[in-house]
Amino acid sequence: MGGRIEDYALLSDLQTAALVGRDGSVDWLCLPRFDSPSCFAALLGTPEHGAWQLAPTGADAAHCTSRRYLADTLVLETRWRTPDGEVKVLDFMPHRERAPQLIRIVEGVSGAVPVRGELRLRFHHGRISPWVRRTDRHRVAVAGPDSAWLRVPPGVHTYGVDGATVSEFTATPGQRVAFLLTWQPSHLATTPRADPDALLAATVEGWRGWAAQCPYRGEWREAVLRSLLTLKALAYEPTGGIVAAPTSSLPEVPGGERNWDYRYCWLRDSSMTLSALLRGGFRQEAAAWRKWLLRAVAGDPSAVQAVYGVAGERGLPETEADWLPGHLDSRPVRFGNAAVGQLQLDVYGEVVDTLNLALRAGIPMERQVWSLLRTLLASLSVRWREPDEGLWEVRSDRRHFTHSKVMAWVAADRAVRMAEATGLPAPSSEWRALRDQVHAEVCERAVDPRRGVFVRSYGSTELDAATLFVATTGFLPPDDPRVARTVEAVQHGLDHGGLVRRYPPGAEDGLAGSEGAFLACSFWLADALTVLGRHQEARELFARAASLGNDLGLLSEQWDPVGRRQLGNTPQAFTHVALVNTAFRLGG
């Protein structure tokens, strides 16, 4: 249920996001934050679970003729050419001053095109149908703490039927009809006035002003810039937290149980996002995220979690929404994420590596941040020998995952480098000793003695794409034969339609079903091939993976080479980060 994952476009006001399908239907929107309950949940059900379609009437509206983002923005332009003429819709979410708004402007291009809007608000993830009342200029929907105000343009026939607010009019050349949907707490009696055209101009200017800072001028500029815009759209501006994706429970296996809520801030994902933004020249976001990190882990930084809420919340209880049938009948639909209680040792490495990158980018090392770094290393020095759930968040027994140990080495290595660069007080000899101990153990216990390749975990023979980090982090030099053998083993042993799986089908992770190719892993392989000097292979793989974005350049978590479709939550920060970093690496 819902369209194909690649059918959707992203809108964002830097505090939440909406997904708009090719049919002109907004099928996903959480208000007022990324991780709030949705008021449109057709993505995980049917239009009866909340949606807002605005399109020409008739069968011609099922799919638009074309669509695009206005250059260097997240303003979506969708066009329909029908027997009656041509019409376009501009969809955007303006930068928020007080209340979140979704604005849809219909413009006639030619002929006289009948247009119909159907607004079905369903609060609490499609569960609650609000009461709707009429005022002079609005239709106001209220349920519990939520209210949504639809401003109806003059001259548009609007009425209620079967739980929907319907608007009908005919679009003629040059005519502009603007619909504004505003959310606010239900106890507020009025909603602020707004000028849609002025907000459109400000939104375009804001996105373009931000994009203009990007220094990348390589051959993949369009894909890189669209990825950076997408990553910016996933940053919660009030706090600096960065969500992994704006959606929940889009399936990794259609019809299966691998459905997770990604509307939260994983330290790993947000650290990697910051690394991509820093490479793109965006330092302000890095400084904001560093402040978010300090607040999130305050109290007991040694008890660092893998994932937090956008404001640093620590409790994210995982629940199942049995009233939603799920995208492509994939159940259960989950909200919240139990990964909050997992041990994922690799996050130490990602966080410290990003702090090092920020320092190298010219962001001064504050004493508070340095104190946090020392606390993290003290905790890691005690915990690094423990098994964990690892990067892939397995829901089976903890293991000594190779990638987790390699990233523990990265944490110690980058901490030593920062101590040397800043001269700040640090137990550098202890950090060097930690670095050497981790390195020695990984080389002894994480290599398959028969094949001479790094494997998924100690004592295993399974491959894991995350072992490619031995090549790209500097854990071993490129000319070490174990590096080349590991890259070669991953390239061929985890191949899935010319892309890369994260680990072999059937590998124990506590879940049923076999996944598609993991797009970030395909970019990681391109990185590793570049490190080995196999540049042509790396370029071909990069181009192949990057081409799997939808018509707007958006990428989800996985790709199904058999069904030729995207899988998993979308757009996925992890994937777009990998694209950006690989493009910069290929460009030298």
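Okay, let's start with an open sheet of 3 strands, ordered 27-28-29 and paired antiparallel. Strand 27, residues 517-518, and strand 29, residues 565-567, sit at the edges with a single partner strand each, so one side of each has no neighbour in the sheet. Keep in mind that this is a predicted model.

Strand 28, residues 558-560, pairs with strand 29 in the antiparallel sense over 3 bridges. If you want to find that on screen, go to tryptophan 559: the bridge partner in strand 29 is glutamine 566.

The largest pocket comes out at about 720 Å³. It's lined by 25 residues, and the closest to its centre are Arg279, Asp353, Thr472, Asn581 and Arg585. Several helices give two or more residues to that lining, among them helix 4 (267-279), helix 8 (402-422) and helix 14 (573-586). Which helix gives the largest share? That's helix 6, with 6 residues. By type, the lining splits into 9 nonpolar, 8 polar and 8 charged residues.

The second largest pocket has a volume of about 440 Å³. Here 27 residues do the lining, with Glu222, Ala223, Arg226, Leu552 and Gly553 closest to the centre. Helix 3 (221-233) is one of the elements that give two or more residues, and so is strand 6 (66-69).

Last stop, proline 56, in strand 5, residues 51-56. Buried or exposed? Its relative accessibility is 5%, so proline 56 counts as buried. Proline 56 is also 33 residues from aspartate 23 in sequence, yet their C-alphas are 9.5 Å apart in space.

Key:
Residues numbered from 1 in each chain as written. Predicted model: local features only at pLDDT ≥ 70, side-chain atom pairs only at ≥ 80, totals over all residues. Heavy atoms only, no water. Helix = DSSP H or I, 4+ residues; strand = E, 2+ residues; numbered from the N terminus. Buried < 20%, exposed > 50% of the residue type's maximum accessible area, 1.4 Å probe, protein only. Pairing = 2+ DSSP bridges. 1 Å grid on protein atoms, 1.4 Å probe; cavity = no way out; pocket = protein on both sides within 12 Å on 5 of 7 lines; lining within 4 Å. Points joined across faces, edges and corners; volume = space filled by probe spheres on them. Nonpolar A, V, L, I, M, F, W, Y, C, P; charged D, E, K, R; others polar.
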